[in-house]
Amino acid sequence: MQKFTEKSEFFFIRHGQLMPPYLDHLKMDYATLADLSTGVLDPGINDSAPELLARQTTGVDFSQVSVVYYNNSGKSSQRSLESANHIVHYLKSKGVDPTLRGLPDIHEVDFDVRGLLSEFEFKHSGMPAIRMALYNAAVNGGATEPLAKIAKRIKVLQNLVSTHDANGESVLFVTHDFFMRFLEVYITRQDRLDGANVSDLGK
């Protein structure tokens, strides 16, 4: 959980684990990862995701959550929507009745695995190489959404959070892995994403 404010709580959760055969990114081949990165493939989440959510959030107080946001950008949206629906169902079982809303600005960072590194490089270095190549491209230019554009999306999110905070509302966002890393750096770094380098992102 990360917070922009002091009054209300704002939860950021990665979507649930994908359905087979997309369960483990570390075991996927190059072509599959590339199609997932560009949105050619948009699988939902697996059947065990709700149970995993309940285990991983044990002890977390969601009782004041009034809105659950999911990625409705049209790219890699299925996993975010299904996860959000499961979360709403889970919260309702606990006596909480949040509203479900779409928010395109919390979509995954735009990138193309094929433009980040070759299949040869991937076979030798694997998923960690994709992550570092993405950070490098975001900072220095390449087949990834640039840092300034990611920061602009986060500022939209920050304004939304401020509005909810002014109303004393706690909110939960269902988003994506890489976007959450940039969000974490934005929240914890004094200069936000301004002047951020690969080392800042890769810590």
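Analyst: The dialogue below treats the core, a strand, a helix and some backbone features of this predicted model.

User: Which residues have the most contacts inside the largest nonpolar core?

Analyst: The largest nonpolar core has 45 residues, and those with the most contacts inside it are Leu116, Ile130, Leu134, Leu157, Phe173, Phe182 and Leu193. Leaving aside neighbours within four places in sequence, leucine 134 is in contact with Val109, Phe111, Leu116, Thr144, Phe178 and Phe182. There is also a second, separate core of 14 residues, which includes Val65, Ala84, Ile87 and Leu172.

User: How should I read a strand, and is strand S1 largely enclosed or open?

Analyst: In a regular strand, side chains alternate between the two faces of the sheet. Strand S1 covers residues 10-14; four of its five residues are buried, so the rest of the structure largely encloses it. S1 runs parallel to strand S4 (residues 170-175), and five bridges join the two. Within this pairing, phenylalanine 10 stands opposite valine 171 of S4.

User: How is a helix to be read, and which residues of H1 are buried?

Analyst: An α-helix has 3.6 residues a turn, so residues three or four places apart point the same way. In H1, the buried residues are Tyr30, Thr32, Leu33, Ala34, Leu36 and Ser37. Their cover includes H3, helix H4 (113-116), helix H5 (119-125) and helix H6 (127-140).

User: What is found at the N-terminal end of H1, and what follows the helix?

Analyst: Aspartate 29 caps the N-terminal end, with a side-chain oxygen 3.3 Å from the backbone nitrogen of alanine 31. After H1 comes glycine 39, which has a positive phi near 90°.

User: Which residues other than glycine have a positive phi, and are they buried or exposed?

Analyst: Serine 76 is one of them, with phi near 55°. Serine 76 lies in the loop between strand S2 (65-70) and helix H3 (77-93). Buried means under 20% relative accessible area; serine 76 has 4% relative accessibility and therefore counts as buried. Arginine 192 also has a positive phi, of about 55°, and is placed in the loop between helix H8 (177-188) and helix H9 (198-202). With a relative accessible area of 29%, arginine 192 is partly exposed.

User: Where is there a cis peptide bond?

Analyst: A cis peptide bond joins proline 20 and proline 21, with omega about 5°. Proline 21 lies in the loop between S1 and helix H1 (30-38).

Technical notes. Residues numbered from 1 in each chain as written. Predicted model: local features only at pLDDT ≥ 70, side-chain atom pairs only at ≥ 80, totals over all residues. Heavy atoms only, no water. Core = buried A, V, L, I, M, F, W, Y, C linked by side-chain atoms within 4.5 Å. Buried < 20%, exposed > 50% of the residue type's maximum accessible area, 1.4 Å probe, protein only. Contact = heavy atoms within 4.5 Å. Pairing = 2+ DSSP bridges. Polar contact = N/O pair within 3.5 Å; in protein donor to acceptor, adjacent residues only side chain to side chain.
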